Amino acid sequence: MDSALLQFVLDIAHYALPILAGAVLILCFTALLRRQPPSLGRAELVSTEDGEVFPLTTRETAIGSHKSCDLVLDHASVSRLHAVVVCSKNGWFISAVGKENPVSVNEVPVEKRAYLQTGDQIAVGDVTLQFNNR
């Protein structure tokens, strides 16, 4: 390669690479703006026993009898970490934590996860909660 051609390639690269990098940054930024997290809405769990309302204000809510859980249920049938309620892009779902922790939605046992709809009855051990999302 002669020196004039090499200088021409270097001159083009000097200007083209920063422009290309800027275009990549703009594309990445616009992709991030389009990918918005799902809205939490006004989801809540309501105790069917006493009507106590537990708002779901985070994407993941841990349910159990331990004080570190987001929703503490002080009941002998509820394990330390019993279940997790999650807001995903496909909606709200509940997952049981471990096979020894019985969780059911509308009297159907939860194997891995169960998607939730307004009015669903969730049994966590012997405690029943109603899921509402307005």
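This is a predicted model: local features need pLDDT of at least 70, side-chain atom pairs count only at pLDDT 80 or more; totals for chains, interfaces and linings use all residues.
**Ile 94 and its contacts**

Leaving aside neighbours within four places in sequence, I found Ile 94 in contact with Ala 83, Val 84, Val 85, Val 103, Val 105, Val 110, Lys 112, Arg 113, Ala 114, Leu 116 and Ile 122.

**The core**

Next I asked which residues have the most contacts inside the largest nonpolar core. They are Leu 45, Trp 92, Ile 94 and Ile 122, in a core of 25 residues. I then listed the elements that give two or more residues to this core: strands S1 (43–47), S5 (83–88), S6 (91–96), S7 (103–105), S10 (121–124) and S11 (127–133). A handy thing to remember is that nonpolar side chains tend to be buried together in soluble globular proteins.

**The open sheet**

I followed an open sheet of five strands and wrote down its order, S4-S3-S5-S6-S9, with mixed pairing. Which strands are at the edges? I noted S4 (71–72) and S9 (113–115), each of which pairs on one side only. Looking at one pair, I saw that S3 (residues 60–64) and S4 run parallel to each other, paired over two bridges. For Gly 64, I found the bridge partner in S4 to be Val 72.

Leu 5, Phe 8, Val 9 and Ile 12 make a nonpolar surface patch of about 360 Å². I placed Leu 5 in helix H1 (residues 3–34). Is Leu 5 buried or partly exposed? I put Leu 5 down as partly exposed, because its relative accessible area is 41%, and buried would need under 20%.

Terms used
Residues are numbered from 1 along each chain as its sequence is written. Side-chain values use heavy atoms; hydrogens and water are left out. Patches are made of residues with over 30% relative accessible area and no salt bridge: like charges are joined within 9 Å, nonpolar side chains (Val, Leu, Ile, Met, Phe, Trp, Tyr) within 5 Å. Accessible areas come from the Shrake-Rupley method with a 1.4 Å probe; for residues, only the protein chains shown count as cover. A salt bridge is a side-chain nitrogen of Lys or Arg within 4 Å of a carboxyl oxygen of Asp or Glu. Helices (H or I, at least four residues) and strands (E, at least two) are DSSP runs, numbered from the N terminus. Buried means under 20% relative accessible area, exposed over 50%, partly exposed in between (1.4 Å probe, protein chains only). A nonpolar core is a set of buried Ala, Val, Leu, Ile, Met, Phe, Trp, Tyr and Cys residues joined through side-chain atoms within 4.5 Å. Contact means heavy atoms within 4.5 Å. Two strands pair if DSSP finds at least two bridges between them.
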